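Please consult the sequence and the coordinates while reading.

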Amino acid sequence: MMHELFTQAWLPALLFPALLLLLCARRWPGLQGWLLVVAAIPALLIAVFAGEFQLELNGVLLGIELGLHERNRALLIMTTLLWTLAGWMARSSLPGDPHRLRYVRLWLLTLTGNLTLLAALDVATFYTFFALMTFAGYGLVVHQGTAAARYAGRIYIILAVVGEAFLLAGFLLGAALVGSGGEVPALTTLSAGLAGEQQGLLIASLLFIGLGVKAGVAGLHWWLPLAHPVAPTPASAVLSGAMIKAGLFGWLMVLPLGENPHTGGAFDPLGVAMVLLGVIAAFAAAMLGVFQRKAKEVLAYSSISQMGLMTVLTGLALLYPMYWEAFVAAILLYAVHHGLAKGALFFGVGWAHHSRGWSRFSVLAVLALPALALIGAPLTSGSAAKTTMKELLYQVDISQLTLAMTWAAVATAALMVRYGWALAREFNPTPGPVATLQTVLAAVVLTLTGVWLVPLAATPGWLTLWSPGTLWDGVWPLGLVLLVVIIIRRRFMAPKVHTHGRYGDQN
Amino acid sequence: MSMLELNFWLPVLIMGTSLLAACGIFILPERRPGLRILLNLGAALTKIALVIWVLFGVIDQQLYETRFTLLPGLDFILRVDAMSLLFTGLSSVLWLFTTIYAIGYLEDSPGRSRFFGFFSLCVTSTMGIALAGNLFTFLIFFEMLTLSTYPLVVHRGTPDALAAGRTYLRYTLGGGAVLLVGVALLYALTGDPLEFAETGVMHDLAPELFPWLTAIFFILIAGLGVKAALIPLHGWLPVAMVAPAPVSALLHAVAVVKAGAFGIVRVVYNVYGMDFAFQLGVLLPLAILASLTIIWGSVQALRQTDIKKRLAFSTVSQVSYIVLGSTLFGPIGTIGGLVHLLHQGIMKVTLFFGAGNYAETLGVKNIQQLNGVGRRMPWTSVAFTIGAFGMIGVPPLAGFISKWYLGLGALEAGMTWVIGVLLASSLLNSAYFLPLIYRMWFKTAPAEWPHERIPDGRLETSGWLLWPTLATALFTVLAGLFAASDLSPLSWASLIAVREYLP
């Protein structure tokens, strides 16, 4: 009976943020902030407690299908948690914002899009809510109204529209291939249908590019480093933590990953391209990121870099269909871990700007925890993700790739050190909303514990994480980076004369 | 069917409601607005009631036909079939909304009696075009449409309006003459009364006639293409934007442009028939012409700074989707073109209503003046945003459904290049609609509007102007959101397509 209840409540829960728009009016100012906080909670509850199900609504659109299954549950939980925390932080920024109604409305619409696309099982629903999230998200990017924000918004929307065109092309060609009449195929039907067909590679490539704009694939990533610094901090957090995962999720649903293990190598070109682009993203983004001056810019490049790793894994899943389930589990684990950790780091930027009397050292110490998680330090969620990834790489046994992934940890460590440096420069102990502090602490706790609560098939057991090999793997990248930083400062930089007080520059 | 049956008279009755309204309005003195409004709205509602009645009949495959023999071999036929109901239904519903809108728009302006009289005549002509059962009857009402819309275009009486009216007449009368030549040639060649039949009437003609028939096809398309704004015959459309907003809404969404497109659809499906047209090889050139119009219209729209001119070129582009759909061999492409006839009508009328609201309430006519208008007129701007996203083809709005079917239809017909045209058109649509939406919602309003005629009260503008705008915007959403249900435009278009391909 509970199962029935959850199934019936799924659509209202997903559309709940959009329904809250009705309560978003100028005459109820106090309510607006609470709308941001509660909007994702119904979906969170169902995602946590419900069993797997599928739901069809034949009279809507061209017939829609929604559901909860092993591939979207973890992402839904992470997404809803992140949006709720971000909503809590955003709530305190509303008073004094001249455009708060617009902000709240577009926030709710973006959230609706994000949630429902994760639950979508057919092409039209996915496309609809992906478009909703993309277009409504524009409003969050340009919210501050500065010239930089407008420029970032322009690049964002141009790339988004081009991506939508590629996506539509892929879906049209795919629907013509696997469907009959004007009907809209299910996502699984599409991915299975691509496997055996001549045009399958073309269609899969079109979909890869269309979704890749959102996922920040190298070459389509231009909007990311521009959009993150200019958006309000909670919006940046959900952008990096949840929204770019929508592109990744799309790949997992439409690409023929082992649905039919006998693709006969037809999709190898795409798989190889994905691996290469992923590796390029992982390193090039890091190299650009370590020269950025603002903390949010560093984090943006870090997101591109991390998404590059996930792109590599997806490409490998395409190339090695026999291990596809393990790869998908690893990708999901990585995505959840990254979402929570990156969210915490973004929230931390907001906190550092108004740290309410906490000292610079304390702020950096607290934020070092999600940063270490991202690097893959021992006992963190990152370590679990990295170990899973390593095991899979050993199985496919491509030595260059294993080497590359090892050094990717160094790249991430370098970015995190730069983040710490930038944050120290932006540090400001002035008073600020207590909600920001609460959000940061909650996010940090979730980063460290959350991934263990998310049921994923390939989460390694405790024991493997205590092995000496894993512990060393978690420590040496950061150690190496710190060593390099110390050497650079000693040999190539003149000693700084500290004329300012403890709190340094204010920009 | 004898003259004693109701089914004989129903088509005439449907036309008659607006004809009687026109006569009544011309007789009424100028200073009786209340009575005039009553007459207008009463006639519109009666017409919708009649259309709903015949709708159920047509689903049951009942026959409604008015037939008079004017000359030996030439009948005047008004017939209600699935295809004519498509256009009739659209026209009658949008006539109601446009009438309400026009009442509000022209409040206190001179010449309303004349305006509404010709307005009703225009709708009568449109009904005639929709209900025509053969090319001869079609031609009669086609010309009548030109003559009844001219006074609407020049309504304001300014030198600009008169010049626009002259251009309009030149194009449309020229097109009508070409159409007459085409119809006469066809009649002379085949000796056939050229009644519209569901799969075309030319199956049994001798092969020696084929080259002639191909030439006549293009003559007919040229004649109809003026009204349907196919390039290079579209020149009248942007010029006619000088007319008041309700006229633009009517011309571009309901009457003139749709009549041209509907005519082309009739020629392809019900005169030549899909199979025969495919055999003759005329579909591909028409598809290419339609595609060029789609791209050209959008490119020109980018260059306009006047809101209504931008919408005019958007119409040039979008109506060709309907023509394109008629060239895609196969039921899916057919459905795409036909359903877009309805969807484009609803979306375009929403956009023109919105533009008219901005002009009438705030004096905003230019794109640069749209800054911050979302705060002053939020509901109109929401409707405009819906219409714009619908044009771009974002789901779940109506425009997406049309694009989806057109795309799949193109693939079914083996014309993959059409997908490129559709995508390029979507990108161009985004390029000229998104900046408007940005200005509305994300820029700050000026200290003073150009000419604020209607102050901000309980409603942001006059109720006569606001409610039709919201209603058509709502239809845009519903037509897409519930496209799979039995009551949607999509279902109706599918019904027609089935009857076209499976007699």
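The sections below treat the interface, the aromatic pairs, the salt bridges and selected residues in turn.

## The interface of chains A and B

The structure is a predicted model, not an experimental one. In it, 34 residues of chain A are in contact with 29 residues of chain B. The two chains bury about 2,600 Å² between them, and 80% of that area is on carbon and sulfur atoms. Three residues, B:W404, B:L423 and B:F442, supply 24% of the area that chain B buries against chain A, more than any other three residues.

Which helices of chain B each supply at least two residues of the side that touches chain A? They are α17 (398-412), α18 (417-442) and α19 (463-481). The largest share, eight residues, comes from α18(B). By class, the side of chain B that touches chain A comprises 23 nonpolar, five polar and one charged residues.

Polar and charged links across the interface were also counted. Zero salt bridges are found between chain B and chain A. The count of residue pairs in polar contact between the two chains is four, with both residues at pLDDT 80 or more.

An aromatic cluster contains residues of both chains: A:F126, A:Y127, A:F130 and A:F171 together with B:F400 and B:W404. As noted above, B:W404 is also one of the three residues that supply 24% of the area buried by chain B against chain A.

## Aromatic pairs

Over all chains, the count comes to 39 aromatic pairs. A pair of aromatic rings is described by the distance of the centres and the angle of the planes. Two pairs illustrate this description.

The rings of A:Y138 and A:Y156 have centres 6.4 Å apart and planes at 35°, so this pair is tilted. A:Y138 lies in helix α6 (residues 123-141) of chain A and A:Y156 in helix α7 (residues 147-178) of chain A, so the pair ties together parts that are 18 residues apart in sequence. A:Y138 is buried, at a relative accessible area of 12%, and A:Y156 is buried as well, at 2%.

In the second pair, B:F115 and B:F119, the ring centres are 5.4 Å apart and the planes stand at 25°; the pair is stacked because planes under 30 degrees apart count as such. Both residues lie in helix α4 (residues 112-131) of chain B, four residues apart, about one turn of the helix. An α-helix has 3.6 residues a turn, so residues three or four places apart point the same way. B:F115 is buried, with a relative accessible area of 1%, and B:F119 is buried at 0%.

## Salt bridges

The whole structure holds six salt bridges over all chains. Three of them are listed here.

| Residue pair | N to O distance |
|---|---|
| B:E65 and B:R67 | 3.1 Å |
| B:R67 and B:D75 | 2.9 Å |
| B:R376 and B:E452 | 2.9 Å |

B:R376 is buried at 10% relative accessibility, whereas B:E452 is partly exposed at 39%. Salt bridges that share partners join B:E65, B:R67, B:D75 and B:R79 into one network.

## Selected residues and a helix

Is B:R266 buried or exposed? B:R266, in helix α10 (residues 256-272) of chain B, is buried, with 1% relative accessibility. Beyond residues up to four places away in sequence, B:R266 touches B:D81, B:M83, B:S84, B:A130, B:A132, B:F196 and B:V271.

A:A411 is located in helix α17 (residues 399-426) of chain A and is buried, with a relative accessible area of 10%. Leaving aside neighbours within four places in sequence, A:A411 is in contact with A:A282, A:F283 and A:A286. A:A411 and A:A282 are 129 residues apart in sequence, yet their C-alpha atoms are 7.7 Å apart in space.

In helix α2 (residues 29-38) of chain A, the residues A:Q32, A:G33, A:L35, A:L36 and A:V37 are buried. The elements that cover them include α3 (41-49), α4 (70-91) and α5 (100-119) of chain A.

How values were computed: Residues are numbered from 1 along each chain as its sequence is written. Chains are lettered from A and ligands numbered from 1 in the order in which they are written. This is a predicted model: local features need pLDDT of at least 70, side-chain atom pairs count only at pLDDT 80 or more; totals for chains, interfaces and linings use all residues. Side-chain values use heavy atoms; hydrogens and water are left out. Contact means heavy atoms within 4.5 Å. Buried area is the accessible area (1.4 Å probe) that two parts lose on being put together, summed over both. A salt bridge is a side-chain nitrogen of Lys or Arg within 4 Å of a carboxyl oxygen of Asp or Glu. A polar contact is a pair of N or O atoms within 3.5 Å; within protein, one must be able to donate a hydrogen and the other to accept it, and residues adjacent in sequence count only if both atoms are side-chain atoms. Ala, Val, Leu, Ile, Met, Phe, Trp, Tyr, Cys and Pro count as nonpolar, Asp, Glu, Lys and Arg as charged, and the others, Gly among them, as polar. Rings of Phe, Tyr and Trp (its six-membered ring) pair if their centres lie within 6.5 Å; planes under 30 degrees apart count as stacked, over 60 as edge-to-face and the rest as tilted. Buried means under 20% relative accessible area, exposed over 50%, partly exposed in between (1.4 Å probe, protein chains only).
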